Amino acid sequence: MADNRKIRYLCQIFKADVLADNRKISTLGKPFCGLPFLLWVLLMKKDTANIIQYLVNGAKLYDKHLKNRHILFLYNLNGAISYKEVFFCETGFLHLTGIVTSEKPRKFYYNCLNNKLSPNNIKLKSDGTTIQKLSVLEYIPNLICSPVLIGDFNGSGFSLKSDYLLGCTRKIAILGFFQKKNMHYGRPSTLLKGDIKQKVSSAHQVILIVKKAANENIYKEISYKAKNTDISKLKLPKELECKIKLDFH
């Protein structure tokens with residue numbers, strides 16, 4: 001009976017994705033090619049070694065595409081350009097995994113990156129959020145180079161320590177950010193599987209995503225530009241005029 005209850009619970013989390021993907025189980029490193037169902041199999045078998053491999057793969061993607069990078073998301077709000085600036089550091093990775101561990105966030109990250117995690121020092125949360133996070137962990141880099149929506153967290157669902165959320169238009173992954181009052185940028189605080197429109201007070205389409213390294217002062221690299229967006233005609237907020245220098249051609 002216990003296993004049957006777990007199966008029903010997981011089916012509620014993943015809904016049709018589980019049923020649609022159960023014949024498409026693929027190898028690691030290919031997000032959403034059977035990943036939710038495969039994770040279900042691993043968790044039912046308590047296959048810690050394979051769960052660690054998902055963490056290792058996720059850390060490598062985080063390190064390659066996000067670590068020590070500032071990302072700027074620009075969107076339209078009431079007829080004007082608004083924005084959110086975020087920063088991805090080593091310590092933010094743990095929040096996105098849902099793993100319970102006694103290790104410090106930075107040590108956990110580098111142990112994942114170097115494949116040195118101890119199976120005895122990782123646990124899954126009992127509320128099911130670890131399953132959700134791991135199922136979309138490898139998708140995170142896509143959120144800075146593809147169509148996404150952004151909005152203030154509306155407080156629904158799980159208790160999230162997030163001020164605003166970023167989610168893909170395909171209703172796959174939601175990334176949450178927490179921003180301290182004395183900081184001009186947010187930091188990643190959570191990761192969920194689902195539809196961002198159900199989690200924000202109002203969803204706004206991101207029209208431009210630019211990024212820079214932590215040691216750079218100016219945003220020069222375009223990560224994503226929405227179709228029909230003319231960068232040369234964007235009227236940026238004054239505080240951004242000295243922070244962005246883009247090639248319009």
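Predicted model: local features only at pLDDT ≥ 70, side-chain atom pairs only at ≥ 80, totals over all residues.
User: Hello! What makes up the secondary structure of the protein chain?

Analyst: Hi! The protein chain has seven helices and ten strands. Among the helices is α6, at residues 129–136, and among the strands is β8, at 187–193.

User: How confident is the predictor in the protein chain?

Analyst: The average pLDDT is 82, and 79% of the residues score at least 70. Over residues 9–35, though, the pLDDT is below 50. That stretch still has 41 contacts in the model beyond near neighbours in sequence.

User: Thanks. Why is K133 called buried?

Analyst: Buried means under 20% relative accessible area. K133 has 5%, so the label buried applies. K133 lies in helix α6. Leaving aside neighbours within four places in sequence, K133 is in contact with H95, L96, T97, G98, T190 and L191.

User: What makes α6 as a whole count as largely enclosed?

Analyst: Eight of its eight residues are buried, so α6 is largely enclosed by the rest of the structure. The buried residues are T129, T130, I131, Q132, K133, L134, S135 and V136. For the protein chain, buried residues make up 51% of the 249 residues.

User: Why is H65 called partly exposed?

Analyst: Partly exposed is the class between under 20% for buried and over 50% for exposed. H65 has 28% relative accessibility, so it counts as partly exposed. Its place is in helix α4, residues 48–65.

User: Which residues is H65 in contact with, leaving aside its neighbours within four places in sequence?

Analyst: They are P141 and I144. There is also a C-alpha separation to quote: H65 and N142 are 77 residues apart along the chain, and their C-alpha atoms are separated by 9.4 Å. Across the protein chain, residues 24 or more positions apart account for 61% of the contacts with a separation of 6 or more.

User: And K171, why is that one called exposed?

Analyst: Exposed means over 50%. K171 has a relative accessible area of 51%, so it is exposed. K171 lies in the loop between β6 (164–168) and β7 (173–178).

User: What makes the phi of K171 worth a look?

Analyst: Most residues other than glycine have a negative phi. Phi of K171 is near 60°, a positive value in a residue other than glycine. N78 also has a positive value, with phi near 55°.

User: Where is N78 found, and how do you know that it is exposed?

Analyst: N78 is found in the loop between β1 (69–77) and β2 (80–88). Its relative accessible area is 79%, and exposed means over 50%, so N78 is exposed.

User: Which elements supply the lining of the largest pocket?

Analyst: β3 (99–100), α6 and β8 each supply at least two residues. The largest share, five residues, comes from β8.

User: What is the lining like by class?

Analyst: The lining of the largest pocket has eleven nonpolar, twelve polar and six charged residues. As for the protein chain, its accessible surface comes to about 13,300 Å², of which 49% belongs to carbon and sulfur atoms.

Note on methods. Residues numbered from 1 in each chain as written. Heavy atoms only, no water. Helix = DSSP H or I, 4+ residues; strand = E, 2+ residues; numbered from the N terminus. Buried < 20%, exposed > 50% of the residue type's maximum accessible area, 1.4 Å probe, protein only. Contact = heavy atoms within 4.5 Å. Areas by Shrake-Rupley, 256 points an atom, 1.4 Å probe, with all protein chains shown as cover. pLDDT = per-residue confidence, 0-100. Nonpolar A, V, L, I, M, F, W, Y, C, P; charged D, E, K, R; others polar.
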